[in-house]
Amino acid sequence: MQSFIPHKQIDHMNFFTRLSNGWNLAMNSFTVLKENRQLILFPILSGISMLLVIISFFLVLLSAAGWDLGNLRDTDTNSVLNYVFVFLYYLVNYFIIVFFNTALVHCTHLYFSGEEVTIRKGLQFSMSRIGHIFAWAAFAATVGTLLRMLQDNLGRIGKFIIALIGIVWSTATFFVIPVIAYEDLGPLDAFKRSSSLMKEKWGESLSASFSFGLVQFVFIIGAAFVSFMVSWFINPIAGVVLFFLTLFSILVIVSAAKTVFISAVYHNINGNPIKHFNQQLADNLFVEK
């Protein structure tokens with residue numbers, strides 16, 4: 001049974017209370033991953049796929065430049081062909097990210113519902129939503145390309161504008177993955193739906209996001225320290241390799257935990273029970289202003 005705190009009491013919650021709530025929700029997300037370690041495979045597959053895509057696109061660019069790195073610097077960044085290339089790059093990257101995150105969101109849905117969680121079920125679900133995933137990837141790639149054009153043609157002002165728009169975009173698309181997964185909407189309607197959910201339910205603090213960022217920062221600092229010690233006392237190459245492997249692991253785990261958190265809050269907003277999760281904190285973090 002869900003528990004609710006009166007709005008007057010919620011309104012008087014101070015920053016540290018909300019920070020504590022966000023931290024506890026973040027820890028709940030990590031607990032879900034701990035009990036379902038196989039879910040880490042989705043961001044790993046996503047990361048490896050994106051790395052292969054980056055390498056592939058770089059090789060295509062290098063080939064077009066006659067395998068001369070110097071020619072890459074002389075490329076006209078404002079050419080139509082360049083922006084077509086940028087669009088295709090964004091399209092593939094967004095598709096990969098959304099595909100695997102959709103699979104992860106569905107697996108967390110199965111877990112919250114008390115059903116068996118398997119990688120196969122997640123991938124099969126993403127395949128069943130592949131049309132919506134591709135449509136969103138194309139929409140996001142179009143937005144990204146237009147923003148890149150603004151940045152290239154407006155100089156410093158463009159970079160400032162892009163930074164502001166980037167913040168708005170990240171906030172507005174917070175719930176877009178579960179919306180794509182469970183609501184039969186086109187990309188524009190999915191964007192509007194995600195924005196509506198955020199506007200309706202976003203609380204006074206971004207404490208959970210801050211908590212994830214803090215966890216990531218602390219572990220990266222720790223990884224850097226350990227890697228430095230390995231480089232200093234054992235071998236520099238071993239230290240560098242250790243750092244990048246640890247960094248990849250940290251980014252993968254935090255990314256997966258964030259997706260679990262988003263899925264939990266989305267289900268909470270839609271009135272679905274969230275087993276194995278702190279329901280009261282989910283109720284209190286995302287409240288109407």
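Reader: In this predicted model, are tryptophan 136 and tryptophan 169 buried or exposed?

Author: Tryptophan 136 and tryptophan 169 are both buried, a term that requires under 20% relative accessible area.

Reader: What makes tryptophan 136 and tryptophan 169 an aromatic pair, and of which kind?

Author: The ring centres of tryptophan 136 and tryptophan 169 lie 5.8 Å apart, with 15° between the planes. Centres within 6.5 Å count as a pair and planes under 30 degrees apart as stacked, so this pair is stacked.

Reader: How many aromatic pairs does the structure hold, and why is the pair of phenylalanine 99 and phenylalanine 100 called edge-to-face?

Author: There are 20 aromatic pairs in the structure. For phenylalanine 99 and phenylalanine 100, the centres are 5.3 Å apart and the planes stand at 90°. Because an angle over 60 degrees counts as edge-to-face, the pair receives that name. Phenylalanine 99 and phenylalanine 100 are also buried.

Reader: Which residues are linked into a cluster by ring pairs?

Author: The cluster consists of Phe30, Phe174, Phe175, Phe212 and Phe261.

Reader: Which members of the largest nonpolar core touch the most other members?

Author: They are Phe42 and Phe175, in a core of 52 residues. Among the helices that each supply at least two residues of this core are helix 3 (41–64), helix 5 (80–112) and helix 11 (236–269).

Reader: Why is isoleucine 165 called partly exposed?

Author: Isoleucine 165, in helix 7 (residues 130–172), has a relative accessible area of 32%. This value falls between the limits of 20% and 50%, so the residue is partly exposed. Ile165 belongs to a nonpolar surface patch that also includes Leu164 and Ile167, with about 720 Å² of accessible area for the patch together.

Terms used
Residues are numbered from 1 along each chain as its sequence is written. This is a predicted model: local features need pLDDT of at least 70, side-chain atom pairs count only at pLDDT 80 or more; totals for chains, interfaces and linings use all residues. Side-chain values use heavy atoms; hydrogens and water are left out. Patches are made of residues with over 30% relative accessible area and no salt bridge: like charges are joined within 9 Å, nonpolar side chains (Val, Leu, Ile, Met, Phe, Trp, Tyr) within 5 Å. Accessible areas come from the Shrake-Rupley method with a 1.4 Å probe; for residues, only the protein chains shown count as cover. A salt bridge is a side-chain nitrogen of Lys or Arg within 4 Å of a carboxyl oxygen of Asp or Glu. Helices (H or I, at least four residues) and strands (E, at least two) are DSSP runs, numbered from the N terminus. Buried means under 20% relative accessible area, exposed over 50%, partly exposed in between (1.4 Å probe, protein chains only). A nonpolar core is a set of buried Ala, Val, Leu, Ile, Met, Phe, Trp, Tyr and Cys residues joined through side-chain atoms within 4.5 Å. Rings of Phe, Tyr and Trp (its six-membered ring) pair if their centres lie within 6.5 Å; planes under 30 degrees apart count as stacked, over 60 as edge-to-face and the rest as tilted.
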